[in-house]
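Dear colleague,

I am handing over the structure we spoke about, together with some notes on what turned up in it. Please have the model open beside you as you read.

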Amino acid sequence: MSDEQKVRVGVIGLSAGAARSRPAQELPQTELAAICDLNEDLLRKISEELGVERAFTDYEKLLEQDDVDMVFIATRDADHCPMTVAALDAGKHVLVEKPMATTVEECQRMLDAEERSGKKLNVNQVLRTNPRFLEAKRMADCGYLGEIFYCE
């Protein structure tokens, strides 16, 4: 696959996003183009570890990069909406970590930005298809675990 055909990914938020940055670097269809985090020590460490030259402490600087096609947002929940809207408005596709946002109104703002931009917005719900979680849900649904009053 030529470099022109690769999806160039930017990752915003490395505390959770560092592990998820590796596939963007390792998959033949993607290239890890830029990373961003407020923690300068973590940013420098991950930048060196993954060999990423463009590392930013300001997510808006990452969004200004013309060759970043999509961003993965793995920041605090409260930042998901403003960063996602900004990324979509900047012409980037977005994969945002769960939860999508902290309110229904924020979710709607994100969906409105997706429609306005013509770009794709997806929420990273990776555990919904994990066999262990599916089995735990089955056990809960059939009553095997008794009455559940809290789960995390």
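Two strands are taken to pair if DSSP finds at least two bridges between them, and it is with this in mind that the strands are described below. Please also remember throughout that this is a predicted model.

Strand 1, which covers residues 7-12, pairs with strand 2 (residues 30-36) in the parallel sense, over 6 bridges. Within that pairing, R8 has E31 in strand 2 as its bridge partner. Strand 1 also runs parallel to strand 4, to which it is joined by 4 bridges, and here V11 has F72 in strand 4 as its bridge partner.

Salt bridges

The side chain of R8 meets that of D69 in a salt bridge, with 2.9 Å from N to O. Because D69 lies in the loop between helix 3 (59-63) and strand 4 (70-73) while R8 belongs to strand 1, this pair ties together parts that are 61 residues apart in sequence. Both ends are partly exposed: D69 has a relative accessibility of 23%, and R8 has a relative accessible area of 22%.

A salt bridge of 2.8 Å, again from N to O, is formed by the side chains of R44 and D41. These two residues are 3 residues apart in helix 2 (residues 40-50), which means that about one helical turn separates them. R44 is partly exposed, with a relative accessible area of 44%, whereas D41, at 55%, is exposed.

In the salt bridge between D79 and R76, the side chains meet at 3.1 Å, N to O. Are its two ends buried or exposed? D79 counts as buried because its relative accessibility is 19%, and the cut-off for buried is under 20%; R76, at 57% relative accessibility, counts as exposed.

A buried glutamate

E97 is found in strand 5 (residues 93-97) and is buried, with a relative accessible area of 7%. Its side chain takes part in polar contacts with the side chains of two residues, namely K98, at 3.4 Å, and N124, at 3.3 Å.

Nonpolar cores

The largest nonpolar core has 24 residues, and those with the most contacts inside it are I12, L62, V71, V94 and M110. Two or more residues of this core come from each of strand 2, helix 3, strand 4, helix 4 (80-89), strand 5 and helix 5 (104-117), and helix 4 gives the largest share, with 5 residues. What does V94 touch, leaving aside residues up to four places away in sequence? With those set aside, V94 touches V71, I73, T84, A87, L88, K120, L121 and N122. There is also a second, separate core, which has 14 residues and includes L32, I46, M70 and A74.

With best wishes

How values were computed
Residues numbered from 1 in each chain as written. Predicted model: local features only at pLDDT ≥ 70, side-chain atom pairs only at ≥ 80, totals over all residues. Heavy atoms only, no water. Salt bridge = Lys/Arg side-chain N within 4 Å of Asp/Glu carboxyl O. Buried < 20%, exposed > 50% of the residue type's maximum accessible area, 1.4 Å probe, protein only. Polar contact = N/O pair within 3.5 Å; in protein donor to acceptor, adjacent residues only side chain to side chain. Core = buried A, V, L, I, M, F, W, Y, C linked by side-chain atoms within 4.5 Å. Contact = heavy atoms within 4.5 Å.
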